[in-house]
Amino acid sequence: MASRKKEDLVELRAKLLMGIKRSATREPSLKLATEVLTFLMRLVRHEKYDKVETLLEVLHENGSLITAAYPSEFVIRNLVLAVSKIARDEGFRSDISDATSAFNSLTRLWIDRRKDDALRVPLKDFREKLIDGVRELQTEMETCRENIVRIGTELISTGDIVMVHSLNSSTTIQSFLKDIREKHKLRIMSVQNSSEPLNNDFPVEDYIKLCEAATKMAHVTKVVLSAITVFPDGSCLLPPGGRSICLSAQRHNVPVYVLCAFYKIAPYFLPDPSIIIKHTLPGLPFDMARKFAGRVRVLQPAIEYTEPGLVSLYVTNTTVINPHHVYRIITDYYHQGDVYDSPDFQKDEAALNSEKLGLGAPAHIPPVNDPLKA
Amino acid sequence: MSDTERPPVLDQDRVANDFLALLRGDSYLSSGIAAIRVLYDILNNTDASTTFQVIAELESATSAMANAEQASLCVLTACEIFTRYVTLTPSEILDNRDFRVVLGFYRNRAYQFLQRSANSPNFIARIACAFMPRDGTVLVHSYSKVVLRVLATAKMSNSIGSKFRVFVTESRPDFSGRRMYEELVRHGFDATLILDVSVGSLMSSVDVVLIGAEGVLETGGIINKMGTLNITDSAKVMNKPVYVVAESIKFVKKAPMSKREITHIALYPQKPINMSLNITEARDASGLFRRFETDYNNDDKQNHYQQVDYSPPTNINLIITDLGIFPPEAVGGELVKLYA
C-alpha cells in the first residue's frame, strides 16, 4: 500500500511538471502557485510519516526535485518553504508560559527545539493542524489578488497618469487597473513590448513602447509594476524593461509601486542575479532568423534584477511596505531553520571541517561540571 | 558584607595568561570566542554561591582580558553577550533555594552558547560561499580570520567551482594585509597584494568586496580596521556589492552620532606613527610588519593614527552572521532580541 502511495506521489509530481512545461509563454504566477500548493496539499494529506522530521524531509526532497526542473521559478521554492514553516510551527509547541519573557526570545535564537521531546505535539493533532494550515494558505492565495487590489487602490487618486508595464502577462495589474478605473477618472499609459498583441478587452489611453517610456515619464505621476520575486533586502526581479522604467521614474521623482503577492516574497537572497536570468525566444521575424542562424546570438532575458533603492513601495496582499522593511514580514511566512539549515548545506558539512580547510583543529570544549554531583 | 556575599577574588593575571595562551595556541581562533572559552572555564570551576558572585567574577575576568591585549571591542562585546545569555534564567529555576541547581543551569547554557559560537565561523563560511564570484575578483582588507575561512570554504566547495582571485590591501601601518596575503598564498589562492591608496583605482576590476568587522553597531554600520571606509565608499560609488561577515558575538548595542564617537565605542587607543622609519627601510618587504609590532618608541604626540573606522550602513549590502543574512537595516531588530 505504501509503495502504491509513493507511485501516486511520483505521478502527481510528474503531472505538475508537465503542466508547467506545456505553457509556451510565461503564465501568470497565481496559476503556477495554485498548482504547486495543490500538489503540496496532496503530499501532506497522503504521505505516511511517524515524525515531523520525516515529513519535512519528504517535503524538502520533493521541493528540490520540482525546483531543479524550474530553477528560475522562485514561487515553487517559496511555497515549499511556507508549508515547511507551517509544519514546524504546528509540530513543536512553543512555551506559552513564558512567551513574553526575554528568556524565550533569546533562547529561540540558539537552541534547536526539535531535540526537546516534551514540546512535541501528538501526531494526530499535528496532521489536522497542518492540513488546516495549508488550507488557510490556499485561501490566502485565492483572495490575494482582491486584497492587493483593495490595498493598492488607496495609493492612486483622481487625475493621476499611471504608467504600467507587462499588462498582458500580469492578471494582477489588469484587475488593479479595472478597479481604479471604476473609482477614479485617470489616464493609463501601458508600456508594451513590440511583439505583444494589444489587449483590446481592456481600455488603455496610451500604448507606448519601452523606448518612449523615458520621454513620457515627465508626464507620469505614478508607476505600477508587477514583481516576479521580491528578496528580503527589498530588491526584486521584474519582467524585462522594468528596471529601465524604474530608473526613468527615479530621474523624474515618480513613485514606483510594485505589486507582489505573499508567495513572491522570498526569504533567501540572490547572490548573483545573472545565474538565474533565463532567456526567452528572441521573437525575430522568420527570414531574419534564417539569416542569423549560427552567426548571431540574440539575447532576450525574461527577468531583470532591480535594486531596492529604485522601488518606492511594495504592495502585498496584507500590507504596503517600504523596500527596506521587507525582511520584517519574512518571519510571518518562513522559518529560519528552513532557509539556513537546508539539506543542501548539510551535504557539504563533511567537507567543511576546519582541519580539511587547514584552519586549525576544531575546538574541544570540556564538559560541564555538574555542581549537584560535585 | 559577610563572607558568603563578598565576591571571590579572581586572579586577573592568570585569566589574562590563559586567554593569551589560547590565542597563541590556535592562530585561527577568534579573540571573541577565546574570551568566551575562558569565561566558560571560570564558570565551570567556580565556587560562587550567589548569582551576584557569578556575575562579578565574569565581569572581573572580562576586564582582565580586555586589559591583556589592547582593549579589543570583540572581546568586550562577546563577554557581555555571554554573561547576559548565561544569567538569563526563567523564574522557576531562579527561585530554587539550592544555588547548585541554578549554577548547573548556568553551566549548561554556557556550554550551549560556547558550542554554538565556536561553530559560528563554519556556519557563516557555509552560507557566505554562495556570494563569492565564480570567476572574478574579491577584494579583502587586512587580516580577518572569518574572511579567510569564507574564502577557503568557497575554494573547497565544489558547487562554486571557484577560480576567483583575491586582492588584499596592505593595511598599513601594521601591514596586517601582508599576513593575510601570506595565508592566502599558503592556501593556494591567486592573491595580489595591493596598496591601500590604490583601492579607488582598482575598484573597477573588483567584483565583490568581502570584509570582516570588529563590531557591528545597532545602525547596521561596522567598525573595522582603518581603511575600511575608503574601500566601502569606493565600492558604493562603483556599484560593487559589499558583504560583511561577522559572528553574532560582535554585535554592539550602540549607535554612534558622529565618527568621533567611534573612539569611545571602540576603545582602541590611538597609536603613534613610526616617524623614524626611512625610505630604504620601507623597501625591505619581509621583516617589515614584524618590526612594526614592537617599534612604538615614538614620543611625538601629534602623529598618531586611529586604528579603526566606522563604515555607515548605506555602504553595506549584506551582513552575513550566524543568525542569518541581513540587510544592514535588520541588525537593530536582531540586536534587540540578543540584548532583550
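Is B:Phe175 buried or exposed? I would like to start from that residue and then widen the view to the chains and their domains. One caution before anything else: what we are looking at is a predicted model.

With a relative accessible area of 1%, B:Phe175 is buried. In chain B it sits in the loop that runs between strand S2 (165-169) and helix H8 (176-186), and although it is not a glycine, it has a positive phi of about 55°.

Staying with chain B, let me turn to helix H10, which covers residues 228-237 and whose buried residues are B:Thr228, B:Leu229, B:Ile231, B:Thr232, B:Ser234 and B:Ala235. When you look at how those positions are spaced, please keep in mind that an α-helix has 3.6 residues a turn, so residues three or four places apart point the same way. Just after H10(B) comes B:Asn239, which takes a positive phi of about 60°.

One further residue of this chain is B:Ala330, which lies in the loop between strand S12 (324-326) and helix H14 (331-339) of chain B. It has 3% relative accessibility and therefore counts as buried.

Now to the domains of chain B. The assignment divides this chain into domain 1 (12-124) and domain 2 (132-270 + 306-339), and the centres of the two, taken over C-alpha atoms, are separated by 27 Å. Where they meet, domain 1 of chain B brings 26 residues to the contact and domain 2 of chain B brings 30 residues.

The size of an interface is often given as the accessible area lost when the parts come together. For domain 1 and domain 2 of chain B, the buried area is about 2300 Å², and carbon and sulfur atoms give 61% of it.

The elements that give two or more residues to the side of domain 1 of chain B touching domain 2 are helix H2 (31-45), helix H4 (73-87) and helix H6 (99-128) of chain B. By class, that side divides into 14 nonpolar, nine polar and three charged residues. I would also point out a salt bridge in which the side chains of B:Asp322 and B:Arg116 meet, at 3.5 Å from N to O.

Let me move on to chain A, which has 14 helices and 10 strands. Of its 374 residues, 47% are buried, and among the contacts in chain A with a separation of 6 or more, 76% come from residues 24 or more positions apart.

Chain A, too, is divided into a domain 1 (2-142) and a domain 2 (146-330); 17 residues from domain 1 of chain A and 20 residues from domain 2 of chain A take part in the contact. Between them, these two domains of chain A bury about 1500 Å², with 62% of that on carbon and sulfur atoms. The count of salt bridges between them is zero, and four residue pairs, both residues at pLDDT 80 or more, are in polar contact across the interface. Which helix gives the largest share of the side of domain 1 of chain A that touches domain 2 of chain A? The answer is H4(A), with six residues. By class, that side of domain 1 of chain A has nine nonpolar, three polar and five charged residues.

I will finish with A:Ser226, in strand S4 (residues 222-226) of chain A. Its relative accessible area is 8%, so A:Ser226 is buried. Its side chain makes a polar contact with the side chain of A:Ser170 at 3.4 Å. Leaving aside neighbours within four places in sequence, the residues in contact with A:Ser226 include A:Ile173, A:Leu238, A:Val258 and A:Lys264.

Technical notes: Residues numbered from 1 in each chain as written. Chains lettered and ligands numbered in written order. Predicted model: local features only at pLDDT ≥ 70, side-chain atom pairs only at ≥ 80, totals over all residues. Heavy atoms only, no water. Domains from an automatic or database assignment. Contact = heavy atoms within 4.5 Å. Buried area = accessible area lost by both parts, 1.4 Å probe. Salt bridge = Lys/Arg side-chain N within 4 Å of Asp/Glu carboxyl O. Helix = DSSP H or I, 4+ residues; strand = E, 2+ residues; numbered from the N terminus. Nonpolar A, V, L, I, M, F, W, Y, C, P; charged D, E, K, R; others polar. Buried < 20%, exposed > 50% of the residue type's maximum accessible area, 1.4 Å probe, protein only. Polar contact = N/O pair within 3.5 Å; in protein donor to acceptor, adjacent residues only side chain to side chain.
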